[in-house]
Amino acid sequence: MSLTTPEKIEMLQRKLYAKAKAEPGFRFYLLYDKIYRSDILAHAYELAKANKGAPGVDGVTFETVEAAGVEAWLTALGEELRGQTYRPQPVRRVTIPKPGGGERPLGIPTIRDRVVQTAAKLVLEPVFEADFASEAYGYRPGRSALDAVRRVHGHLKSGYTDVVDADLSKYFDTIPHDELLQCVAHRISDKQVLALIKMWLKTPVEESTGSGGRRLTGGKGSKQGTPQGGVISPLLANIYMNRFLKYWHRNELGQRLQAHVVVYADDLVILSRRRANEAYGVLKDVMARIGLTVNETKTKLREATTERFDFLGYTFGPYWDRRTGRRYLGAGPSAKSQQRLKAKVHALTVPGNVLPWPMVCKRLNTMLGGWQAYFGYGTLSRSYGDVNWYVANRVRHFLRRRHKVRSRGSRLFSTGNVFEDRKVLKLGRQRGGPLHACV
């Protein structure tokens with residue numbers, strides 16, 4: 001099955017969106033039967049499979065499902081939903097390294113739960129998309145982090161340079177369940193759908209005790225937080241953040257504060273004209289009212305004409321043209337983003353990597369190409385040059401060791417050899433085109 005949304009499902013989504021957009025007060029009362037529709041479950045399965053991911057607490061993989069027969073598996077899952085006997089299984093918690101050091105928890109629902117959540121998202125997302133404010137960019141169809149980056153830069157260039165660089169404390173973990181369900185119920189009156197979402201919010205988390213045992217946390221007693229790692233979690237988080245954005249519009253805060261807000265999931269900046277202090281006070285007050293907390297230690301007020309700030313991997317603020325010495329308000333890859341890329345390049349080119357060079361090169365080019373695709377906006381020459389220099393040196397030392405070259409390898413594996421002959425992707429070149437085969 002193609003990952004392109006099938007026409008019947010797309011038609012349903014268009015109708016739901018059009019109805020929600022035309023009637024802001026309408027509450028949808030017959031949606032649950034759409035979630036277990038066979039074509040929607042089948043498409044949800046393909047989407048979940050495309051995202052890959054590890055098995056949940058039941059150990060079931062996509063290979064396991066397909067060995068037993070996908071059609072029969074989906075039919076049984078549909079019957080559980082139809083008969084309202086479906087119950088989500090605990091979420092398996094693991095920890096993964098954080099880019100800045102330390103670890104963060106990651107939840108892994110079972111495949112069956114990921115499929116049902118995806119099916120629910122296919123049905124519910126169009127309804128809420130009709131309500132979402134234009135300032136929200138995270139996890140929305142047709143919108144991206146780069147769109148948010150461009151919007152922030154555009155506001156800065158328009159003179160909105162007094163900035164609240166906000167940080168919300170554990171946003172996804174602290175969304176209050178009761179208030180979130182009220183937000184959902186504002187649009188959805190179907191009791192089965194509301195019950196389904198409530199079950200996901202109350203799903204327990206299974207984690208290792210460190211001594212080989214397992215323990216469950218959360219469950220029915222939990223009062224806050226969206227489902228860890230769940231497909232439905234970003235949609236629920238957007239629904240709740242929309243409370244703040246609706247308040248912003250209803251009270252005409254943009255006009256009152258001469259300010260614009262840009263949101264990507266839990267990343268948020270307010271850009272104003274000399275009103276950052278006032279905007280910060282409003283932000284703290286509104287977030288407190290809806291049960292969220294602004295991290296006062298990490299939240300910073302910046303005057304972007306003289307100070308820089310980071311948002312979605314980019315650094316905004318004063319830049320200097322090296323040729324003219326002229327200062328301008330720019331945007332470019334942040335130092336942290338460059339450092340994270342370098343760490344990945346380093347890990348790929350360690351002496352212990354015994355993979356054939358073409359395979360190493362292919363992975364390296366995929367990594368570099370993905371980074372360039374996102375960091376392709378704004379002031380780039382210095383960042384690209386820095387990364388290219390680092391990559392050339394890492395590859396040179398990697399190949400020198402592999403070929404047992406006693407010298408430093410600067411002649412045999414020169415920068416030109418690395419990028420031209422060895423076909424390593426050089427940032428700033430081949431943009432948008434196919435990568436050459438590695439040799």
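**Ground rules.** I worked on a predicted model, in which local features need pLDDT of at least 70, side-chain atom pairs count only at pLDDT 80 or more, and totals for chains, interfaces and linings use all residues. Residues are numbered from 1 along each chain as its sequence is written, and side-chain values use heavy atoms, with hydrogens and water left out.

I looked up the strand order and found an open sheet of four strands, 6-7-3-8, with antiparallel pairing. Two strands pair if DSSP finds at least two bridges between them; helices (H or I, at least four residues) and strands (E, at least two) are DSSP runs, numbered from the N terminus. Strand 6 (259-264) and strand 8 (300-303) are the edges; each has a single partner strand, so one side of each lacks a neighbour in the sheet. Axes here are lines fitted to C-alpha atoms, for helices over the stretch in contact, and angles run from 0 to 180 degrees between N-to-C directions.

**Strands 3 and 8.** I then checked this antiparallel pair: four bridges join strand 3 (residues 162-167) to strand 8. Asp165 has Lys300 in strand 8 as its bridge partner.

**Helices on the sheet.** I counted a contact as heavy atoms within 4.5 Å. Helix 7 (residues 145-157) packs on the sheet and touches strand 3, strand 6 and strand 7 (267-272). The direction of helix 7 makes about 165° with that of strand 6. Helix 13 (residues 276-289) also packs on the sheet, touching strand 3, strand 7 and strand 8, and its direction makes about 25° with that of strand 3.

**His153.** I located His153 in helix 7. His153 counts as buried because its relative accessibility is 7%; buried means under 20% relative accessible area, exposed over 50%, partly exposed in between (1.4 Å probe, protein chains only). Leaving out residues up to four places away in sequence, His153 touches Phe316, Leu329, Gly330, Ala331 and Tyr377.

**Positive phi.** Most residues other than glycine have a negative phi. I looked up two residues with a positive value. Lys52 has phi near 60° and lies in the loop between helix 3 (38-50) and helix 4 (62-68). Glu252 has phi near 50° and lies in the loop between helix 11 (233-250) and helix 12 (253-256). At 48% relative accessibility, Glu252 went down as partly exposed.
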